Amino acid sequence: MDDTGRVVAATAGLRRDQSLGRLRPPGPVSEIRTVDDLPFGEGGSYRIIALPTSTPAGPVTVYVAASLSPVDDAVDVLQGALATGAPLLLAIVAFTTWTVTGRTLRPVDAIRAEVADISERSLDRRVSVPATDDEISRLAGTMNMMLDRLDAAAERQRRFVADASHELQTPLAAARTDLEVALAHPDRTDWNDTAADLLAANGRMERLVRDLLFLARADAGAPRPAARPVDLDDIVLAEAGRIRGGGRLRVDTGAVSAAAVDGRRDDLTRAVRNLFDNAERYASSLISVELSSDDHRVTLVVQDDGPGIPPADRQRVFERFARLDDDRSHRTGGTGLGLAIATEIVEAHGGSMIADESSGGARFVVRLPAR
Ligand code: ADP
């Protein structure tokens, strides 16, 4: 169609008065649109494109229309197929997903059932680990590692309760025997001695219960007072003075310098006192103390000239109720919890404690973060 609206050329069979030009697009550029109301042809939807172009005779617009009925037919067929096929497909997909997921998760359910079956009394049991190297076998492995830790914690707890009961039983039985003998022979009994023995047994039980309570609270994560600035040198010098006051030992504090930490004074005093008590028990004549501080760290060394701790036992002495020589320790009156408590306190303050190499006597080194 030229600019004047005259049909210049048309497909054979298309009458000139049936001009597609009546569907002229509004703009000058090519345009495609779909129309339903074409006044000729087979009826139905047509896709029409109008393409402006130029010819030697001047500008013209070429109109082309194509029936959409083959497309519509295809869509109809597809819709019919989908109406029956889609639900079937969905059912197949759902069934497959259900089956595959069920099979994949079966080992997880087996692990769950095994874990549910493991009670406090059967913590030595483990879940079976599938031979595959995937998330499920890793889950089973992690479960078993958790069971290892639970088992070890429960075993520690059992041993602790057994040891604590045994420790309490000993002074109780001794006191009972003293009383039975005294009552059986009241005329031959020195009641002052008996009372002194009972008092000693009582004191021992009291110390033990106090230490047990401290550890129980620490284990339960009981809230502690907030940390405050503490001068560790004050505590160390006070403890040294206390031991000098006993008159039996010399305490060398020449290497004690100022050292400030953040912490709980009562707890730190208790840790230092436990170290000094041990040193006092085992030293033959001298305890040497060093306290120093740099920007990051405070170091306390307590060394005595006693029998020392054999290298093989330098880890074990920090365990609860660990005693290197039962008789020796019972005679010295310790509870076997002193170092365990000191370590607990030092670690709660972010520090560490070791029994160090020493040429003679025991040497304990405590490190704490400096204030
Ligand atoms: P106790 O209350 O029996 O002293 P500790 O936990 O304080 O318990 O110490 C554990 C064990 O470590 C002691 O029984 C003792 O055998 C050993 N030990 C601790 N300190 C010293 C020391 N200064 N010299 C020699 N042995 C020590």
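In this predicted model, 14 residues of domain 2 are in contact with 13 residues of domain 3, where contact means heavy atoms within 4.5 Å. The protein is divided into domain 1 (1-67), domain 2 (135-219) and domain 3 (228-369), bounds that come from an automatic or database domain assignment. Taken over C-alpha atoms, the centres of domain 2 and domain 3 are 24 Å apart.

The size of an interface is often given as the accessible area lost when the parts come together. Domain 2 and domain 3 bury about 1,300 Å² between them, with 60% of it on carbon and sulfur atoms; buried area is the accessible area (1.4 Å probe) that two parts lose on being put together, summed over both.

Across the interface of domain 2 and domain 3 there are 3 salt bridges, each defined as a side-chain nitrogen of Lys or Arg within 4 Å of a carboxyl oxygen of Asp or Glu. On the domain 2 side that touches domain 3, α2 (135-184) and α3 (191-219) each supply at least two residues, and the largest share, 10 residues, comes from α3. By class, this side of domain 2 has 7 nonpolar, no polar and 7 charged residues, where Ala, Val, Leu, Ile, Met, Phe, Trp, Tyr, Cys and Pro count as nonpolar, Asp, Glu, Lys and Arg as charged, and the others, Gly among them, as polar. Helices are DSSP runs (H or I, at least four residues), numbered from the N terminus.

A search of the whole structure finds 25 salt bridges, including the two tabulated here.

| Salt bridge | Closest N to O distance |
|---|---|
| R112 and D109 | 3.0 Å |

R112 and D109 both lie in helix α1 (residues 69-117), 3 residues apart, which is about one turn of the helix.

Turning to the ligand, 20 residues surround it, with N278, R281, D304, G336 and L339 the closest; a residue is counted if one of its heavy atoms lies within 4 Å. A polar side-chain atom of N278 lies 2.7 Å from an oxygen atom of the ligand, and a side-chain N or O atom of R281 is 2.8 Å from a ligand oxygen atom. From G338, a backbone N or O atom lies 3.3 Å from an oxygen atom of the ligand.

Residues are numbered from 1 along each chain as its sequence is written, and side-chain values use heavy atoms, with hydrogens and water left out. In this predicted model local features need pLDDT of at least 70 and side-chain atom pairs count only at pLDDT 80 or more, whereas totals for chains, interfaces and linings use all residues.

Key:
Polar contact = N/O pair within 3.5 Å; in protein donor to acceptor, adjacent residues only side chain to side chain.
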